[in-house]
Amino acid sequence: MDVTVHLAQDRDADALLGRSPLAALTGMLLDQQVPMEWAFKGPRTIADRLGTEDLDAHDIAAMDPEAFAALLAEKPAVHRYPGSMAKRIQQLCQYLAEHYAGDAEAVWRGVQTGSELLKRLEDLPGFGKQKAQIFLALLGKQLGVTPDGWREAAGAYGERESFRSVADITGPRSLAKVRAHKQEMKAAAKAAKGSGKPGR
C-alpha cells in the first residue's frame, strides 16, 4: 500500500496513513469525538513516541497497558480520551496478531466481495457497522481496494462524491464539505430530539 491521502492535513501523518494499513485502521479507530484531522494524525504521533517509522501490531499488543496509555496521554494528547483509546488500539492490535499474524492489510487482501470485507471489518474490535462501512468506503475510494459490491456494502458512504465521511476527504475543500455535512446531521438530530420525532 503506497498512496497519497489527505486525511490528517499533515504531510508526515498522511504519508504514514498512505503506506501503513495498521496506521489507517488506527486512525479510523481514533475517529470519534475529536476532529477528523486530530484522529488521523494520531498514528504518526504514536509512531514518533515509540521511536519507530511505522506501527507494529505485535509490539503494541505486547506493551504494558499503563505505559501505552501514558504514551497516548502525553501532551499534546493523541485523543480526548487517551486511556480508553489506548485500550481499544491494543485490543485491535491483539486481534490482528491473533487472527492475521499482525498483518493489518491481510484484513482486506484477496477478499472477493464487499459484503465479506464488511464482515471482516465489523469483526475488528472498536469497529461497529458505521465505522466499518466508512473504512470500507475509504478503502474503495482512496486505497485501491475494490472487491465486487464494495459500494453497496459501504452503503451511503460508498456513493460517489457523497462527502459524508473521511472516505471523501482529498484536501481542504472536501474536508470542509464533509464537516458541513456532519454539522447538518447533528443539527437534524438535535431538531428531531427537540420535537420528539425520531431522527433518521
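This is a predicted model: local features need pLDDT of at least 70, side-chain atom pairs count only at pLDDT 80 or more; totals for chains, interfaces and linings use all residues.
I started with cavities, and my search of the whole structure turned up 1 cavity of 30 Å³ or more. (On a 1 Å grid over the protein atoms alone, a cavity is a set of points where a 1.4 Å probe fits but cannot get out, and lining residues have an atom within 4 Å of a point.) The volume of the largest cavity is about 40 Å³, taken as the space filled by probe spheres set on the points, with grid points joined across faces, edges and corners.

Residues are numbered from 1 along each chain as its sequence is written, and side-chain values use heavy atoms, with hydrogens and water left out.

Next I asked which residues line the largest cavity. I found Val-5, Leu-7, Leu-17, Ala-24, Phe-40, Leu-138 and Leu-143.

Then I turned to helix H2 (residues 21-30) and helix H3 (residues 36-50). (Helices are DSSP runs, H or I, of at least four residues, numbered from the N terminus.) Their axes, lines fitted to C-alpha atoms over the stretch in contact, lie 7 Å apart at an angle of about 130°. H2 and H3 are therefore oblique to each other, as angles under 35 degrees count as roughly parallel, over 145 as roughly antiparallel, 65 to 115 as roughly perpendicular and the rest as oblique. For the contact (heavy atoms within 4.5 Å), I listed Ala-23, Ala-24, Thr-26, Gly-27, Met-28 and Leu-30 of H2 with Ala-39, Phe-40, Gly-42, Pro-43 and Ile-46 of H3.

Key:
Axes are lines fitted to C-alpha atoms, for helices over the stretch in contact, and angles run from 0 to 180 degrees between N-to-C directions. Helices (H or I, at least four residues) and strands (E, at least two) are DSSP runs, numbered from the N terminus. On a 1 Å grid over the protein atoms alone, a cavity is a set of points where a 1.4 Å probe fits but cannot get out, and a pocket is an open set with protein on both sides within 12 Å along at least five of seven lines; lining residues have an atom within 4 Å of a point.
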